[in-house]
Amino acid sequence: ILGVMSNVWLSIWTGKAKSATSQAEQQHDLGIYAAIGLGNGIANCMQSLLLTVCALTASRLIHSKMLARILASPLSFFDLSPTGRIMNRFLQ
């Protein structure tokens, strides 16, 4: 959303540049554009952090459930399944 806001603000700002604007007004417009850019950067960092935390939580949960089921499986499972295949599932 902030990326779109940045483009919209830039179009408004360049539309105003055709008319005579004061130095203070230009600095105000630049400040708004910088604030939108800073907000966009912070939102992207938060999104990456949230995605990383959720992915780590999900992988830990899946791994612990898989380990519990492997340890509770009967010995006939290990006779039928190659050890490499079982290890491969844990390494993914």
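Angles under 35 degrees count as roughly parallel, over 145 as roughly antiparallel, 65 to 115 as roughly perpendicular and the rest as oblique. The model is predicted: local features need pLDDT of at least 70, side-chain atom pairs count only at pLDDT 80 or more, and totals for chains, interfaces and linings use all residues. Numbering starts from 1 along each chain as its sequence is written, and side-chain values use heavy atoms, without hydrogens and water.

**Exercise 1.** Determine how H2 and H4 are oriented to each other.

Step 1. Locate the helices, which are DSSP runs (H or I, at least four residues) numbered from the N terminus. H2 covers residues 23-72; H4 covers residues 83-91.

Step 2. Take the axes, lines fitted to C-alpha atoms over the stretch in contact, with angles from 0 to 180 degrees between N-to-C directions. They come within 10 Å and cross at roughly 160°.

Step 3. H2 and H4 are therefore roughly antiparallel.

**Exercise 2.** Find the residues through which H2 and H4 meet.

Step 1. Apply the contact cut-off: heavy atoms within 4.5 Å.

Step 2. His63, Met66, Leu67 and Ile70 in H2 meet Ile86, Arg89 and Phe90 in H4.

**Exercise 3.** Classify Ser6 as buried or exposed.

Step 1. Ser6 sits in helix H1, residues 2-17.

Step 2. Its relative accessible area is 13%. Buried means under 20%, exposed over 50%, partly exposed in between (1.4 Å probe, protein chains only).

Step 3. Ser6 is therefore buried. Beyond neighbours within four places in sequence, Ser6 contacts Tyr33 and Ile36.

Methods: Helix = DSSP H or I, 4+ residues; strand = E, 2+ residues; numbered from the N terminus.
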